[in-house]
Amino acid sequence: MKEDMSLTNAAGDRDSFAEALEAAHRLNRALGPLRIDREGTKDRLRSALRQPEQEVQALLLLETLGTEATKALIDDLLGQALRVRYTLLIRNLLGRLAWSEAKEIVPPAVWRLLEIEDEADDFRRMAELLDHLGLREALQELCARAGESLDEEVREVAEDFGEERLEACRNGSC
């Protein structure tokens, strides 16, 4: 009986794999026109990121396109990164940017976001992102802002990501 179940699972896996290969083939064919119509693609991606039923697909599509669309949609992506279900996906997506590009576009987008969203979790998600991207100066600026907050939980973000933590990381203890 056990052997029959493993054969069924193997057959199901092959079907899933074949479906995935076919989907990858269709995606590959569809990417050409999207790359040609860059502006239209950015507009459609921005719209899809605002539709709950299309968010995940839009993020996965962004992973297959070059980083130009990611850079153009930075504000939308950071808004998505505040949602725990997308935090890691966005972090990895932005991790594809060259460090110099990330340094140029991510911190200003973080500051714009934190002007609107100022909950402790928002500060924490952005601190984690800046830390992940290695944007130490921006992280320290975020910590300075958080440290001045009247909200104790926001100040805690400054403590968690501030100078002491950076020093520990420099010494290999983080």
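1. Let's start with Thr70, which sits in helix H4 (residues 67-72). Keep in mind as you look around that this is a predicted model. Is Thr70 buried or exposed? Its relative accessible area is 0%, so Thr70 counts as buried, the cut-off being under 20%.

2. Which residues surround Thr70, if you skip its neighbours within four places in sequence? Thr70 is in contact with Leu62, Leu77, Leu93, Leu94, Arg96 and Leu97.

3. In soluble globular proteins, nonpolar side chains tend to be buried together. Here the largest nonpolar core has 45 residues, and Val106, Met126 and Leu142 touch the most other members. Helices that each supply at least two residues of this core include H2 (38-49), H3 (55-64), H9 (136-147) and H10 (152-161). Helix H7 gives the largest share, eight residues.

4. Have a closer look at Met126. Not counting residues up to four places away in sequence, Met126 touches Leu78, Ala81, Leu82, Val110, Leu113, Leu114 and Leu142.

5. The structure holds one cavity of 30 Å³ or more, and the largest cavity has about 30 Å³ of space. Lining this largest cavity are Ala81, Thr87, Ile90, Arg91, Arg125, Met126 and Leu129. The elements giving two or more residues to that lining are helix H6 (84-94) and helix H8 (120-132).

6. What classes of residue line the largest cavity? Four are nonpolar, one is polar and two are charged.

Terms used
Residues numbered from 1 in each chain as written. Predicted model: local features only at pLDDT ≥ 70, side-chain atom pairs only at ≥ 80, totals over all residues. Heavy atoms only, no water. 1 Å grid on protein atoms, 1.4 Å probe; cavity = no way out; pocket = protein on both sides within 12 Å on 5 of 7 lines; lining within 4 Å. Points joined across faces, edges and corners; volume = space filled by probe spheres on them. Helix = DSSP H or I, 4+ residues; strand = E, 2+ residues; numbered from the N terminus. Nonpolar A, V, L, I, M, F, W, Y, C, P; charged D, E, K, R; others polar. Core = buried A, V, L, I, M, F, W, Y, C linked by side-chain atoms within 4.5 Å. Buried < 20%, exposed > 50% of the residue type's maximum accessible area, 1.4 Å probe, protein only. Contact = heavy atoms within 4.5 Å.
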